[in-house]
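Hi,

Here is the structure I promised to pass on. Have a look through it first, and then read my notes below.

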Amino acid sequence: MTRKVIRSIFQLAGATVVAFCFIVFLDRNFRVLPKSIHNYMPQHNHGMIVTDITLAQCSSVNPFASCKLDPKVWQRVEKDLYLGKTWTSHAYLHVARKKEEELLPDDRIVLDVSVGRLNPTSTGTKGDDPELWESRPGGLWVKRTPNHKLGDSKDTITAVDVLFGDDAVEARDGWSIAGKTPFLLGISSDTPVSHLTVRRGPAKDPIKPKPRIPDNGKFKIMQLADLHLSTGVGKCRDAVPDSYNGGPCEADARTLDFVARIIDEEKPNLVVLSGDQVNGETAPDAQSAIFKFAQILVKRKIPYVAIFGNHDDEGSLPRATQMAIMEGLPYSLSIAGPEEVDGVGNYYIEILARGSSDHSALTIYMLDSHSYSPNERTYHGYDWIKPSQITWFKNTASNLEKKHKEYTHTHMDLAFIHIPLPEYRERDNQYVGEWKEGVTAPHFNSGFRDALVEKGIVMVSAGHDHVNDYCAISKDANKKPALWMCYGGGVGFGGYAGYGGYHRRVRIFDVDTNQGRIKTWKRLELGLLSKQFFKMAAPKSDIHLYTTGTPNGIKASILLEELGLPYQVTKIDISKNTQKEPWFLEINPNGRIPALTDSFDDGKPIRIFESGSILQYLVDRYDKDHKVSYPAGSREHWETTNWLMWQMGGLGPMQGQANHFKRYAPEQIQYGIDRYTNESRRLYRTLDTHLAKSSSGFIVGDKLTVADISCWGWIAAAHWAGIDIEEFPHVKKWLYKLLERPGFEKGRHVPTKHTALESAQKSEEELEKAAAESRQWVQSGMKEDAKN
């Protein structure tokens, strides 16, 4: 029994060795193993000198011919020049390199290359020396020199690669295709030709611009959905018309002509490629397809971002490799994203505010929606956004929120995906645009739409369904608008269309950071502007409050909370004189907080400054049910105005001066302290006497009004002016009565935690220490005011 087991083990081991040797032999000649097993040759090893370039051809008819040269000498560019389209013929470009310090006297270095039937000398190539041009297979000519010092020249060949197709272009900085002639291989007409491309001089870091809002406050985004580019010119599908420029329709040429024209006319600030840039089935070399759209953008110096669709990686390269290629291109802001998050291409970019501000005005999230369902039996069709992606998105958005609140206008967040969300199917959503085909969203809903709404995303836009181009408004549980969901509409002629004569199109988003609105439209290939031209407003309110946690600063936030109005808030750091910066002076020329902006009835922005004016504006415009006000012209209305003006002209200025002379003056002037503290105490007595007569406990009538709101912050800070609230029992009761209201409790902590009541428990020594920390910037601010 033991002998049989041992014999079986030896037989199995022998068969394994024979099989391994056979597979290695076949792969060496015919590359039968998957591409992922092979290591792609680095385009250039730093510190290595290119000493030779050649082309190796092999045939399955001759099992002893090899497409792999001696690996100790040569590195192979892992691209079959026949693109695997023939069973018998294969060819690979090889490069020989040496470390500079290992060069021997007899070694030559490559100075130039050319492809053609004739020696480049006879074609008039500059600087020709017949002895230096050497012929290689496939029409390749290599110019070499024994002068090793020339290896430092910026024109020396330092890396080589192969691109495919009559329309092949380079997009990498420092690279160029070697002439117009492809390798001479005698390929069939249905196989794209192969071109040698080279880099001269050292590698350069690709240009990575930081997008910024222009001075007019508007930022234009062009979405290119579903380009479906091929290796080679491609074939048109469902084209209208089915010819182009008087000849047959070549998909990629027509697509790229359309894209280039619209880019030149619209002049976008950013281009978003929302997946299926590459038509995998017809792109055996995805790199050549990628360079075609990238070259258009690089040439025009337009930054761009990209994610993948379900067709991008159906050809020669996986997503990770394609993303690595794009990461190395100029003006590409695309990145692979965190490795621990599902997919490739989960990332965001920040669009900076106008001028020299380092604040973000616009955040754009890009997420990989994957390709086909991993559970076809239960959820047929397409894949979905995974839990790890949703967690990453929510955490990222939460971490950015605090910084975004520092932006002085309405910060907006957008998102782009390829495969639409399941909510795109909801027909009861109000939509604008064309809904011509069924929505091929995943049948499993992972909840990403809810995450977008939770984090205040204004709009998400997808591709994938080529002839749908609508924008729909998705509503929340209260039936209020929550999220715009758009389609880009198919751009490429290499993808399907049909459905009654579809014209290829691109979508434009014009983001107006002045008003917090997005205007969108579509540009059709035939030079038409689509009729679906409309504005989408952010689900967020147009009310934007600029404030800090002072007695005047918290008035507006308390009123906004009492009225239940949504609003944006920007903290103004008065210790750094932010209120004197030019952008803020456009809102309040007096350079004081609080200030407020809103969209007026005519749709144009309006500015409101001075706290009393803000309170009146909010009540007059938004308190139609008189929740915290009385009808205009009524007795109570005028009584409210009396007390509002009393605070604005009396309590605020007097207590403010008491604060200054007691806490911030560079020296103690007792007369000033006594003068303003005593006047403030007199005003407190006035209010205390009035409240003693109030049956409701409010300043006016039987409810809260702006009279109460305007006074509360000052009374809460009585101790800072040296006033003992215990002297005024009715005022004290009123103070804490209002604090029981949720609107007061929430509003007083905007934009930062309100600590006036807590600091009243501190000793005079502790208060003086806190004042000393503020005294310097107060005095500095006064000196700056004196200069102007």
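**Confidence first**

Residues 24-45 keep a pLDDT under 50, and the model has 59 contacts for them beyond four places in sequence. Bear in mind that this is a predicted model. Across the protein chain, the pLDDT averages 89, and 90% of the residues score at least 70.

**Helix α2**

Next, take a look at α2, which covers residues 251-266. From first C-alpha to last, α2 reaches 22 Å, close to the 22 Å expected for its 16 residues. Its buried residues include A251, L256, F258, V259, I262 and I263, but also D252, R254 and E266. What do they pack against? The buried residues of α2 pack against the strands β10, β11, β22 and β23, and against helix α3. Just after α2 comes K267, with a positive phi of about 50°.

The axes of α10 (residues 635-664) and α12 (residues 706-716) come within 9 Å and cross at roughly 10°. An angle under 35 degrees counts as roughly parallel, and α10 and α12 are therefore roughly parallel to each other. Among the residues that meet are W643, W646 and L651 in α10, and V706, W714 and I715 in α12. By class, this contact of α10 with α12 has nine nonpolar, seven polar and no charged residues.

Then there's α11 (residues 670-692), whose 23 residues should span 33 Å; the end C-alpha atoms are 32 Å apart, so that agrees. Buried in α11 are, among others, I673, E679, L683, Y684 and D688. The buried residues of α11 pack against α10, α12 and α13.

Cheers

Terms used: Residues numbered from 1 in each chain as written. Predicted model: local features only at pLDDT ≥ 70, side-chain atom pairs only at ≥ 80, totals over all residues. Heavy atoms only, no water. Axes fitted to C-alpha atoms, helices over the stretch in contact; angles between N-to-C directions. Helix = DSSP H or I, 4+ residues; strand = E, 2+ residues; numbered from the N terminus. Parallel < 35°, antiparallel > 145°, perpendicular 65-115°, else oblique. Contact = heavy atoms within 4.5 Å. Nonpolar A, V, L, I, M, F, W, Y, C, P; charged D, E, K, R; others polar. pLDDT = per-residue confidence, 0-100. Expected span 1.5 Å × (residues − 1). Buried < 20%, exposed > 50% of the residue type's maximum accessible area, 1.4 Å probe, protein only.
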